[in-house]
Amino acid sequence: MAKIAPRAEDLLDWYDQHARTLPWRVPPLSNARPDPYRIWLSEVMLQQTTVAAVKEYFARFTALWPSVDDLAAAPDDRVMGEWAGLGYYARARNLLKCARVVSADHGGIFPDTEEGLQKLPGIGPYTAAAIAAIAFDRPAVVMDGNVERVMARLHDIHTPLPAAKPELKEQAAALTPDTRPGDYAQAVMDLGATICTPRSPACGICPWRDPCAARAAGTAPELPRKTPKKAKPTRRGIAYLARTADGHWLLEKRPDKGLLGGMLGWPGSPWADADPQEDPPLDADWHDVGEEALHTFTHFHLRLGLRVAQIGHSTDVIPTLYRRDTDAEFRLLSPGDFRPSDLPTIMRKAFDLGHGKLETLRDTRP
DNA sequence: AAATCGTGGCA
DNA sequence: TTGCCAAGATT
């Protein structure tokens, strides 16, 4: 029985009828070109992040900063605060760097080639190809998790990831068309997101069901294979939430490098595998919150012990803040300046738990 | 080049 | 409950 070769045209026909409506997307067959700024912003937000999580952030960012020049002019703290909760905060730092390079060095115009795009901060092989294809309709080979999965199944490739990447890219390159490459790139990703899903793929309604080798072999649900991941260790630490008599909160701006880099957080001990050590940022009547903030990062679990204290007036606290030997900068934020939504999730969890304890202290010990 | 870097949803 | 997963980049 002769093997049927998959055709890009069949996928495009499916896409014309089934393309999802997305805030950053121009519908197929509309003869409109998308705004490269919005494509870039959406692609950076979508790195390792679900469409559902991105939507509200994309709406807020484009409302606050409609153009790359607007974003380039924004203060760092505002952008980091708006990114809070979305994760992978290096993306936000590189987003700003990239906006400022495009604004200052390229007149606010994004490069229209893969090579030019990939020179910019935060734009790697995938994002450069995606912007080149979607925004400029160039026949770039767009490789993301969806494309890897679709290619592995289409050709019944059992080599585990990431070793299979070169082979999967060869197959993807052979299929990428010269006509409508932007729609094709989005079509493969839509296929992966809605039909050729990681679990329980809907092979029966797939536009590529006939040429799919894994469907014929019955192996689609178990592809692509992946090399096993390491178990996550559990680390522990202690965070200190201090509020001044006039309602200021004592936070720190974490150093730009490393975990939660550039974000606001509560002062505290290092996070280590051993039992946590007390390490308060200043002398105060610290109270144990009695409940830990639990959180799981990419490569470890965290149990964060919490201490809270009422401290003196903000104008009296400031001189004591320079005793600590750390890369982070202390910040005393007034009630008007402190927004819990500016915090990364673990720090917001700590606030939610510690805030209530502080209210209890005030009520029971006037 | 293996490790690092978030978060929320889902089975 | 735990592990897996999502339009990856950086070092």
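In this predicted model, helix H5 is followed by Gly-85, a residue with a positive phi near 100 degrees. Helix H5 itself spans residues 76-83, and its buried positions are Val-79, Met-80, Gly-81, Glu-82 and Trp-83. These buried residues pack against four helices: H2, H3 (51-64), H4 (68-72) and H6 (90-105).

The surface near DNA strand B comprises 19 residues, with Tyr-89, Leu-260, His-295, His-299 and Thr-345 the closest. By class, this surface holds seven nonpolar, 10 polar and two charged residues. Sugar or phosphate accounts for 62% of the atoms of DNA strand B within 4 Å of the protein, and bases account for the rest. Strand S5 (293-296) and helix H14 (345-364) are the elements that give two or more residues to the surface near the DNA strand.

Thr-49 also belongs to the lining of the largest pocket, where Gln-48, Thr-49, Asp-144, Gly-145 and Asn-146 are the closest to the centre among 47 lining residues. The volume of this pocket is about 1,600 Å³. Two or more lining residues come from each of helices H2 (36-45), H8 (125-136), H9 (145-154) and H11 (181-194), and H11 gives the most, with five. The pocket lining divides into 19 nonpolar, 16 polar and 12 charged residues.

A search of the whole structure for cavities of 30 Å³ or more returns two. The largest cavity, with a volume of about 110 Å³, is lined by 14 residues, and those nearest its centre are Arg-153, Cys-196, Cys-203, Cys-206 and Cys-212. Helix H9 makes the greatest contribution to this lining, with three residues. The lining contains 12 nonpolar and two charged residues but no polar ones.

The second largest cavity has a volume of about 80 Å³. Its lining includes Ala-140, Val-141, Val-142, Val-147, Met-151 and Ala-172, together with Thr-176, Pro-181, Tyr-184, Ala-185 and Val-188. Helices H9 and H11 each give two or more residues to this lining, and the largest share, four residues, comes from H11. Here the division is 10 nonpolar, one polar and no charged residues.

Technical notes:
Residues numbered from 1 in each chain as written. Chains lettered and ligands numbered in written order. Predicted model: local features only at pLDDT ≥ 70, side-chain atom pairs only at ≥ 80, totals over all residues. Heavy atoms only, no water. Near = heavy atom within 4 Å. Nonpolar A, V, L, I, M, F, W, Y, C, P; charged D, E, K, R; others polar. 1 Å grid on protein atoms, 1.4 Å probe; cavity = no way out; pocket = protein on both sides within 12 Å on 5 of 7 lines; lining within 4 Å. Points joined across faces, edges and corners; volume = space filled by probe spheres on them. Buried < 20%, exposed > 50% of the residue type's maximum accessible area, 1.4 Å probe, protein only. Contact = heavy atoms within 4.5 Å.
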